[in-house]
Amino acid sequence: MSGTYLGMPAFPEAAREAVGNATLRGNLRHATHTIRAKRATAVSEVSDWAELREAGKRIKDHTLRHLDRYLVQLEEAVTAAGGVVHWAADAAEANEIVTQLVKMTGESEVVKVKSMATQEIGLNEALEAEGIHAYETDLAELIVQLGKDRPSHILVPAIHRNRGEIRDIFAREMSEWGRPAPEGLTDTPAELAEAARLHLREKFLRAKVGISGANFMVAETGTLVVVESEGNGRMCLTLPETLISVVGIEKIVPAWQDLEVFLQTLPRSSTAERMNPYTSTWTGTTDEDGPQNFHLVLLDNGRTDTLADEVGRQALRCIRCSACLNVCPVYERAGGHAYGSVYPGPIGAILSPQLRGTGSEIDASLPYASSLCGACYEVCPVAIDIPEVLVHLRERVVQGGEVTREGNKVVLRPAKGHAAERAAMRAARWAFTHPGVLRGGQRAASRTRRFHPRTLPGPGRAWSGTRELPPVPAEPFRDWWQRTRGGKDGDR
């Protein structure tokens with residue numbers, strides 16, 4: 001990826017600051033509880049939800065196993081339909097490709113469809129450095145852009161803002177970007193939406209270049225798919241003369257028929273809708289209808305390296321529904337900014353450290369940004385076992401080991417600050433492989449339990465500062481089993 005947000009501390013430090021913001025916690029609590037309750041209702045209407053979930057998982061796994069073949073098939077289909085395919089190994093290459101394509105049109109501004117991939121590579125900043133202005137058209141992304149802010153949620157980037165804050169941002173900033181906000185603007189949703197609509201309409205009608213991502217790419221036909229709720233995306237996809245789509249290579253599906261599964265699971269898991277209000281599909285170019293120039297930039301940026309990890313690769317199944325964020329107790333309290341990535345929440349905690357590596361302080365801390373409660377796995381529409389990947393990445397951080405980076409096998413050194421943990425794990429392994437030592441330790445712990453502290457000393461204080469130490473039983477399990485013959489003689 002293009003890197004962490006500049007100056008971001010490790011997750012625990014960033015989360016500590018966020019937890020102290022009462023307004024932020026209130027905004028997050030209200031929004032996440034509302035969305036997940038609506039999602040639960042929408043999912044309960046589908047009698048075969050479990051089967052759809054399994055089907056989505058299998059389609060994604062099959063595609064990832066044969067990704068090389070399907071990418072070539074996609075390129076051939078897009079080219080045959082009049083599009084041009086570009087391959088970008090990393091963020092820098094993708095930004096360079098898009099920047100040059102925009103310059104070739106002679107334009108100095110573009111309109112954008114909401115896109116996680118372009119945020120991932122820092123495209124807006126790259127374009128700005130070359131004198132090209134990128135205007136976000138998704139309502140939530142517009143709020144973030146006008147507020148000089150950062151997105152904090154995959155689906156609702158401005159989830160950390162309330163209506164009063166949004167009104168103030170519109171009144172203060174819209175005039176600097178184009179049409180000003182109406183006089184006397186209130187914080188009612190209808191007025192805020194109308195202010196955004198008026199502000200954006202002139203940009204839609206003026207822009208000659210549109211930039212998008214895609215929710216799915218169909219290999220057999222070369223078709224791209226964007227689903228949305230507002231209609232702004234469709235304006236960007238149809239009005240400009242040139243359309244540039246930046247899409248991660250994992251967004252591909254083999255056949256048109258596969259969309260049947262995801263167009264049922266994605267809207268219910270994300271916006272709690274039975275179907276998306278706007279589902280836009282396009283295949284190459286068509287004379288006198290829509291953009292006459294179409295460019296597809298296929299983005300790797302760490303995805304091939306992630307694919308090489310047999311446990312971690314399941315993160316590439318993600319369809320960006322954000323259901324995992326809405327049920328996560330850690331995200332609800334810390335918010336998205338604490339993750340230091342455009343991918344916050346549980347999916348970000350396993351995706352960012354794989355795309356970017358665990359070399360930075362924040363990426364090494366993200367696998368620990370979880371209680372491992374498993375709620376994220378239960379709601380994932382493609383059955384990503386996020387807790388399994390979190391534990392896998394924690395092992396990588398503590399122990400190091402062999403990973404793939406830029407297509408090459410490298411050996412990671414253990415991260416700093418985990419020496420005590422490694423020593424404790426080695427001691428535990430030794431004790432568990434020596435039954436006599438384990439038995440003696442258990443008996444000693446039981447007989448001295450009256451003297452045990454309520455909190456751990458030294459580095460352990462950070463753990464016990466927010467948790468109660470479990471009491472040691474009066475008798476080890478092995479002794480109880482021998483004394484009662486497994487409970488047959490009663491617990492005397």
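**Close-up views of the predicted model**

**View 1. Charged side chains over tyrosine rings.** The charged end of Arg69 is placed over the ring of Tyr70, at 4.6 Å from its centre, and Lys203 lies over the face of Tyr135, 4.8 Å from the ring centre; a charge sits over a ring if NZ of Lys or CZ of Arg is within 6 Å of the ring centre and within 35 degrees of the ring normal. This is a predicted model, in which local features need pLDDT of at least 70 and side-chain atom pairs count only at pLDDT 80 or more, whereas totals for chains, interfaces and linings use all residues. Residues are numbered from 1 along each chain as its sequence is written, and side-chain values use heavy atoms, with hydrogens and water left out.

**View 2. Aromatic pairs.** Eight aromatic pairs are counted, where rings of Phe, Tyr and Trp (its six-membered ring) pair if their centres lie within 6.5 Å, and planes under 30 degrees apart count as stacked, over 60 as edge-to-face and the rest as tilted. The ring centres of Trp282 and Phe294 are 6.2 Å apart with planes at 85 degrees, so this pair is edge-to-face. Ring pairs also link Phe11, Tyr331 and Tyr339 into a cluster.

**View 3. Helix α16, residues 345-356.** The 12 residues of α16 reach 16 Å from first C-alpha to last, close to the 16 Å expected at 1.5 Å a residue, the expected span being 1.5 Å times one less than the number of residues; helices are DSSP runs of H or I with at least four residues, numbered from the N terminus. Gly357, whose phi is positive, near 90 degrees, follows α16.

How values were computed. Helices (H or I, at least four residues) and strands (E, at least two) are DSSP runs, numbered from the N terminus.
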